[in-house]
Amino acid sequence: MTEVKSNNGNKQRTIYICQGTGCVSGKAFEITEALKKAVAEQGLQGVNTDFTGCHGFCEQGPVAIVEPEGIFYACVTVADVPEIVDSHLRDGKPVERLFYKDPVSGEAIPHHKDIKFYNMQQRIILRNCGRLNPERIEDYMATGGYESLKKCLKEMTPEQVIEEVKRSGLRGRGGAGFPTGMKWEFLRNAVGEPKYMICNADEGDPGAFMDRSTMEGDPHTVLEGMIIAAYATGSSEGYIYIRAEYPLAVKRVRLAIQQSEEKGFLGDNIMDSDFSFQLHVKEGAGAFVCGEETALMASIEGKRGMPRSRPPFPATSGLWGKPSNINNVKSLATVPVIIARGADWYSSIGTEKSKGTCVFALTGKIANSGLIEVPMGIPLREIIYEIGGGIPGNKNFKAVQTGGPSGGCLPESYLDQSVDYESLAAAGSMMGSGGMVVLDEETCMIDIARYFLSFTQAESCGKCVPCRVGTKQMLDILERICRGEGRHEDIDLLQELGKQITAGSLCQLGQTAPNPVLTTLRYFRDEYEAHINENRCPALFCANLISFYILPDKCQGCGICLRNCPTEAIVGDKRMVHVINQEKCVKCGTCLEVCPERFSAVVKVSAEEVDVPSEPIPVTAEKPQTST
Amino acid sequence: MEVKELKEKVKQVLQKYQLDESVLVDILHDIQAECGYLPKEVLEETSRGLGVPLSRIYSVATFFKAFSLEPRGRHLIHVCTGTACHVRGTVKVLEKMEQALGIKTGETTSDLKFTLETVNCVGACALGPMVIIGENYHGEMTPETVGPVLENYN
């Protein structure tokens, strides 16, 4: 039992509700309002209700933290509010039933700092996310915010700033991993005015939400990084290009810009220096390819967001033909910390070639979904099993997908692989912007490859032939294999097409589109062969290759499956063994889901015959002992 | 909405952006927010107002997924088909949604009540499968919760 000193009225206590997109979808706004109301009604002195951006632990949302004691509440609902207010905020007794429970030990953990999901992370980019109110610049300044900008403007020349960032070893967090300092130097040395500084916040990878959370949780750090970059590169104007699908991030960044302007960190003569910088927000309009830098710039110019060939690189001819530089949200969010704590400190974290930390959106078949930040070089196993809490539901791990649609799937044998740019590329995947999707035994690898390819195919802008036509051909083949109509030559054909598309496409979208197919072919070739040669889906996923049967020795004739079948494919009667008409069955799996667990009479098989009667017959199975 | 009224809305938006054709994407966002979609008359009026060929306006309006040239329903449904939602079973949720509304993805119900679309990822992956209706986020959807969720919208 955790005892906290009763509130004596002098001690300030604040309850912070997470208002990131995840928790907001769990009614975080309503919870905040209810808390405010309840605190006011009780007339509690010295108790504040406030909100933060994303904590990263979205799986447990909506989450709330009570400071200064650091009590962490998981899965809070509006109905829990009175108890939190009466018991904890008034009487000083934390509400135990809302504590986070460790998925392995089942132990209730009251304090934020003791939760494995958090204490194994090293948070630099996300240092303030979940710790301050993102809509108040004063909160950010209280943590030393905008001090790095001040240091740059007052004590450092632009060249010194570039040198510091180069020495830190920071590499682009958008995926390609190009050294950030070098990019800045190119722009600094470029001829032509004005120069543009652009932040790429068009986070389009499905299953990735690092940039969204950073902008929602700590928009000022992105701004500060960007202003420092502008000072270093000599840019006078800048754009933050944000996906329109992230309304909350757009709102908070706009507000942050306004506050920053009011404080004199943005605009003319920043902090009384002769450096001026104007910053604008640009909203995307739902095109994945706009994450590619030349497409992004075309979109800012009000054109179709289609990439063009490089060179010329943006540093020579970028936005409106002027020298420009584009950095990812996370790269820029790291900059203020590097300036504050020095390049030596930053480069001491990580591996020899990949410095610092990386942020991943850990999702899929994993117990602790959420946002994590870890030092480069950490093994995949630690991320998935220690921080992520492993695979739920006693299922087996099958693969981890990194790098989104441009990345690849790595099998179990790679779990001890170090996570850094070089190792992941060598394994055929990539760092990417930070999506990490865990797949379990129920995931069909052909379907996953098909899924990613259908994504890139739909998002192909259509400008170059290898991407436009090539991905379509690959997708047709994969769909054929999933339908059970694969041909023996398909595997070779996929490999050949993949090589051609990689070599011949104009931009990274096309160049990397075959990756999910090529890596699954490399590591899960047996699954392709099972589909093609045996008409079998080992994961029991592909609808055309699976069948459902009702076992006559287990069916009790209860009729639940019959009533729930959407296509009336099940025949049977009271106390009669039910039978599925395979012709009518659409393989939706409803019968398997609804069959009472104590009967477990429905089975799912692939390329297997199960001996069942053709017509309903009287029930012979004995009633299970454990009836309810 | 009357054609005259539409034209007036376009005029206001263009003035807000000072007839700057480089912000065409923002202009179309705003016009769509006012009109619900981008009718032909609106594109023509935008072309005239900005002095930009209609073909260019059309090329931008058709490139981006966020823009619609067809009328859309009062409630816009976005079923997230991001990776995390996909592996957690969004396909079945989408199928159930199509079945319940009697339309295919990308279509609008005949009473203009619902439009069904997919979205690549809304970044709420921990709560997948995710369905967004208007501004409301519905997490951990299953085929069984589709009906009850839809009932909340008139």
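Tutor: Asp91(A) is partly exposed, with a relative accessible area of 41%; buried means under 20% relative accessible area, exposed over 50%, and partly exposed in between (1.4 Å probe, protein chains only). This is a predicted model, in which local features need pLDDT of at least 70 and side-chain atom pairs count only at pLDDT 80 or more, while totals for chains, interfaces and linings use all residues. Residues are numbered from 1 along each chain as its sequence is written, chains are lettered from A and ligands numbered from 1 in the order in which they are written, and side-chain values use heavy atoms, with hydrogens and water left out.

The partner of Asp91(A) is Arg90(A): their side chains meet in a salt bridge at 2.9 Å, N to O. The term requires a side-chain nitrogen of Lys or Arg within 4 Å of a carboxyl oxygen of Asp or Glu. Arg90(A) is also partly exposed, at 35% relative accessible area. Over all chains, a search of the whole structure finds 41 salt bridges.

A second example is the salt bridge of Arg136(A) with Asp50(A), whose closest N and O atoms are 2.6 Å apart. This pair links distant parts of the chain, 86 residues apart: Arg136(A) is in the loop between helix H4 (116–119) and helix H5 (137–142) of chain A, and Asp50(A) is in strand S2 (residues 47–52). Helices (H or I, at least four residues) and strands (E, at least two) are DSSP runs, numbered from the N terminus. Arg136(A) is partly exposed, with a relative accessibility of 33%, whereas Asp50(A) is buried at 12%. Arg136(A) also forms a salt bridge with Asp139(A), with 3.1 Å between the closest N and O atoms. Asp139(A) counts as buried at 18% relative accessibility. Through shared partners, Asp50(A), Arg136(A) and Asp139(A) are joined into one network of salt bridges.

Glu293(A) belongs to helix H12 (residues 293–300) of chain A and is buried, its relative accessible area being 15%. Its side chain is joined to that of Arg310(A) by a polar contact of 2.5 Å. A polar contact is a pair of N or O atoms within 3.5 Å; within protein, one must be able to donate a hydrogen and the other to accept it, and residues adjacent in sequence count only if both atoms are side-chain atoms. Leaving aside residues up to four places away in sequence, Glu293(A) touches Lys183(A), Arg310(A), Pro314(A) and Ile326(A), contact meaning heavy atoms within 4.5 Å.

Asp447(A) is in helix H17 (residues 445–459) of chain A and counts as buried at 6% relative accessibility. Its side chain makes a polar contact of 3.0 Å with the side chain of Arg450(A). With residues up to four places away in sequence again set aside, Asp447(A) touches Cys482(A), Phe541(A) and, from the other chain, His86(B).

That last neighbour leads to the interface. There, 35 residues of chain B are in contact with 52 residues of chain A. The area buried between the two chains is about 3,200 Å², of which carbon and sulfur atoms give 57%. Phe63(B), Thr83(B) and Val87(B) supply 19% of the area that chain B buries against chain A, more than any other three residues. Buried area here is the accessible area (1.4 Å probe) that two parts lose on being put together, summed over both.

Between chain B and chain A there are two salt bridges. Arg88(B) forms a salt bridge with Glu59(A), the closest N and O atoms being 3.7 Å apart. On the side of chain B that touches chain A, helices H2 (24–35), H4 (54–63) and H5 (83–87) of chain B each supply at least two residues. The largest share, five residues, comes from H4(B).

Among contacts in chain A between residues at least 6 apart in sequence, 72% join residues at least 24 apart.
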